[in-house]
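Work through the exercises below with the sequence and the model side by side, and try each task before reading its solution.

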Amino acid sequence: MGPWPCLCAAVAVFLLQAWACCLWLSHFLYGPLEWLWRTATMCRMQPFRKRISQKN
């Protein structure tokens, strides 16, 4: 592949990852590896999912 197709592919992958990250973080507090790291270093289970607030 030439430089332009590589650049376009890199930008497309970056945008896909940014979209997936926003989607993930709308449901969870941390990424999976960050959650494992926090749980291991604090020696207790950390919350993983965001709490859904009930607004009336």
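Predicted model: local features only at pLDDT ≥ 70, side-chain atom pairs only at ≥ 80, totals over all residues.

Residues are numbered from 1 along each chain as its sequence is written, and side-chain values use heavy atoms, with hydrogens and water left out.

**Exercise 1.** Determine how many helices and strands the protein has, and judge its spread against the globule rule.

*Solution.* Begin with the DSSP runs (helices are H or I, at least four residues; strands are E, at least two; both are numbered from the N terminus), which give 2 helices and 0 strands. The C-alpha trace, for its part, spans about 50 × 35 × 10 Å along the principal axes.

**Exercise 2.** Classify Cys43 and Gln46 as buried or exposed, and describe the setting of each residue.

*Solution.* The classes rest on relative accessible area (buried under 20%, exposed over 50%, partly exposed in between, with a 1.4 Å probe and protein chains only). Cys43, in the segment after helix 2 (32-42), is exposed because its relative accessible area is 70%, and it has a positive phi of about 55 degrees although it is not a glycine. Gln46, in the segment after helix 2, counts as buried because its relative accessibility is 10%. Leaving aside residues up to four places away in sequence, Gln46 touches Trp35, Arg38 and Thr39, where contact means heavy atoms within 4.5 Å.

**Exercise 3.** Find which residues the ring pairs link into a cluster, and classify the pairs that involve Phe48 with Trp24 and with Trp35.

*Solution.* Rings of Phe, Tyr and Trp (its six-membered ring) pair if their centres lie within 6.5 Å, and planes under 30 degrees apart count as stacked, over 60 as edge-to-face and the rest as tilted. The whole structure holds 4 aromatic pairs. For Trp24 and Phe48 the centres are 6.1 Å apart and the planes at 75 degrees, so this pair is edge-to-face; it links distant parts of the chain, with Trp24 in helix 1 (residues 3-25) and Phe48 in the segment after helix 2, 24 residues apart. For Trp35 and Phe48 the centres are 5.4 Å apart and the planes at 70 degrees, so this pair is edge-to-face. Finally, ring pairs link Trp24, Phe28, Trp35 and Phe48 into a cluster.

Definitions and conventions. Rg over C-alpha atoms; globule rule 2.2 N^0.38 Å.
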